[in-house]
Amino acid sequence: MAGGIYSLQGIGQLIGYNIWGFISDRFGRKKPLIGMALSAVFVFLFMRLGAGDIVQLKIVSVFLGFAVGFSGAWGAYYTELFPQKFSALSSGISFNGGRIISTFAIPAIAGLGSTAMGMQGIFMVSMAVFVAGAVIWMFLPETYRKKEEAHKE
């Protein structure tokens, strides 16, 4: 059952990647931060459900996956945040920087799960990370159509 619920999250994420990517390409690179904030909401809802709420767990899992698809827009966004001569390097720096952070964060979060906080603590940390990420993203520059505007000048 858990594997099925997790798979549904993957399906939602696949759909989310495409939709948030479309939104990013059409309306701006910062718009998908809405998906990042929604991820915190869906984690909160997920946290409130019990083991017997199978249908609701499946539904929330799809929506959580969809919201997490916000990261599909980052590939283009990262390359636009950096000067063009570093465009290939920028995504590597960004994604691998995340890997370095997760190297320390995942064991710390797993340790939190073994404390009195349990899964509740893990969900709370996840929500905090999504909210903090959305706030940080709000303060980053919008890069959408930056190159087109530069060519018009």
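Predicted model: local features only at pLDDT ≥ 70, side-chain atom pairs only at ≥ 80, totals over all residues.
Tutor: Residues are numbered from 1 along each chain as its sequence is written, and side-chain values use heavy atoms, with hydrogens and water left out.

Student: Why is the pairing of Asp-25 with Arg-29 called a salt bridge?

Tutor: A salt bridge requires a side-chain nitrogen of Lys or Arg within 4 Å of a carboxyl oxygen of Asp or Glu; the closest N and O atoms of Asp-25 and Arg-29 are 2.6 Å apart, so the pair meets that definition.

Student: What makes Arg-29 buried?

Tutor: Buried means under 20% relative accessible area, exposed over 50%, and partly exposed in between, with a 1.4 Å probe and protein chains only. Arg-29 has 8% relative accessibility and therefore counts as buried, whereas Asp-25, at 49%, is partly exposed.

Student: What does Glu-80 form with Arg-29?

Tutor: Glu-80 and Arg-29 form a salt bridge, with 2.8 Å from N to O. Shared partners in the salt bridges join Asp-25, Arg-29 and Glu-80 into one network.

Student: How do you know the handedness of the crossing of helix 1 and helix 3?

Tutor: A crossing is left-handed if the near helix is turned anticlockwise from the far one by less than a right angle, and right-handed if clockwise; the crossing of helix 1 and helix 3 is right-handed.

Definitions and conventions. Helix = DSSP H or I, 4+ residues; strand = E, 2+ residues; numbered from the N terminus.
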